[in-house]
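Here is a short briefing on one protein structure. Keep the sequence and the 3D view open as you read.

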Amino acid sequence: MNGGPSGFYNAPVTKTFVIACALFTIFLGIQGRSSTLGLSYQDVFGKLHLWRFLASFITFSSTPELMFGLYLLYYFRVFERQIGSNKYSVFILFSVIISSLFEVLTLAFLKDPTLNILASGPYGLIFSSFVPFYFDIPVSTRFRIFGINFSDKSFIYLAGLQLLLSSLRRSVIPGMCGILAGSLYRLNILHIRRMKFPEFVTSFFSRLYGLYPGGSSPRSSSRNITGTAPSFVGRQVEAKKLSCYSPCFHNRATRGFHCYTGVNGF
């Protein structure tokens, strides 16, 4: 099972986020600070270290968490291809804010001195993405191993379970907060799924995406420019490929929204 075409084609926001997580984790890991960046009751309510919200969101605390986390972020780029970079950016911001709020409320409720620091990393975004993954991504193949039924989605669930239990309670709390945030997004609280950022925000990621080696602007790839952009037929083939992995797919070539299963889950 994969998330459509390989690489970060039509997923500039995901690519920027994955690279940022990798660079910050490696840089702070070399300095020996990555394991101390998670949220804690003392930092939030005692010292008011608000900068930890940003640091804990974008930096993993260990190499195994980085590997599993980046793998899941890379796979979930399929959602950016479904709803577009603009709405996916709103999904990221909503997941981060709401999951962080739940984490703070949990710390305030527990007031547990043994719960030193919550695991750092984009747990809110990753585990909120499991909500549309569970409801909207269909199973394409099933198989049995030692008499146990598996599907192609099982590998994603196993990677998520490994990340969820990587630091025991320190990672379970952020993971559960992310699932709650994803559930609220799916319930369309405050009509969040209709919101979009201004065009200049998403165009920034498009230009930034073009600066990376091998990157190409999604805006330019969606237009039929002689000698550079894919043809109309090529985009139709691309739409058919992505429809295999998503129940609803926005076909830019025909400027329409096609639902293949009758469910607009994301």
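The end C-alpha atoms of residues 12-30 lie 27 Å apart, and this span is 100% helix and 0% strand. Helices (DSSP H or I, at least four residues) and strands (E, at least two) are DSSP runs, numbered from the N terminus. This is a predicted model: local features need pLDDT of at least 70, side-chain atom pairs count only at pLDDT 80 or more, and totals for chains, interfaces and linings use all residues. Residues are numbered from 1 along each chain as its sequence is written, and side-chain values use heavy atoms, with hydrogens and water left out.

**Annotated spans**
- An unreviewed UniProt entry places the feature "transmembrane region" at residues 12-30, 50-76, 88-109 and 115-135.
- UniProt annotations may be inferred rather than shown by experiment.
- Residues 88-109 are 100% helix and 0% strand, with end C-alpha atoms 31 Å apart.

**Nonpolar cores**
- A nonpolar core is a set of buried Ala, Val, Leu, Ile, Met, Phe, Trp, Tyr and Cys residues joined through side-chain atoms within 4.5 Å.
- Buried means under 20% relative accessible area, exposed over 50%, and partly exposed in between (1.4 Å probe, protein chains only).
- The largest nonpolar core holds 41 residues, and Phe76 and Ile126 have the most contacts inside it.
- Helix H6 (85-110) is one of the elements that give two or more residues to this core.
- H6 gives the most, with seven residues.
- Ile126 is in contact (heavy atoms within 4.5 Å) with Phe60, Gly69, Leu72, Leu73, Phe76 and Leu163, leaving aside neighbours within four places in sequence.
- Another core, of five residues, lies apart from the largest one; Leu107, Leu118, Ile173 and Cys177 are among its members.

**The cavity**
- The whole structure has one cavity of 30 Å³ or more.
- On a 1 Å grid over the protein atoms alone, a cavity is a set of points where a 1.4 Å probe fits but cannot get out; lining residues have an atom within 4 Å of a point.
- The largest cavity contains about 130 Å³ of space.
- It is lined by 17 residues, and Ser56, Phe57, Ser100, Glu103 and Gly121 are the closest to its centre.
- H6 supplies the largest share of this lining, four residues.
- The lining divides into nine nonpolar, seven polar and one charged residue; Gly counts as polar here.

**A residue in H7**
- Ser128 is found in helix H7.
- Ser128 is buried, with a relative accessible area of 0%.
- Beyond its neighbours within four places in sequence, Ser128 is in contact with Phe91, Ser95, Tyr123, Gly178, Ile179, Ala181 and Gly182.

Note on methods. 1 Å grid on protein atoms, 1.4 Å probe; cavity = no way out; pocket = protein on both sides within 12 Å on 5 of 7 lines; lining within 4 Å. Points joined across faces, edges and corners; volume = space filled by probe spheres on them.
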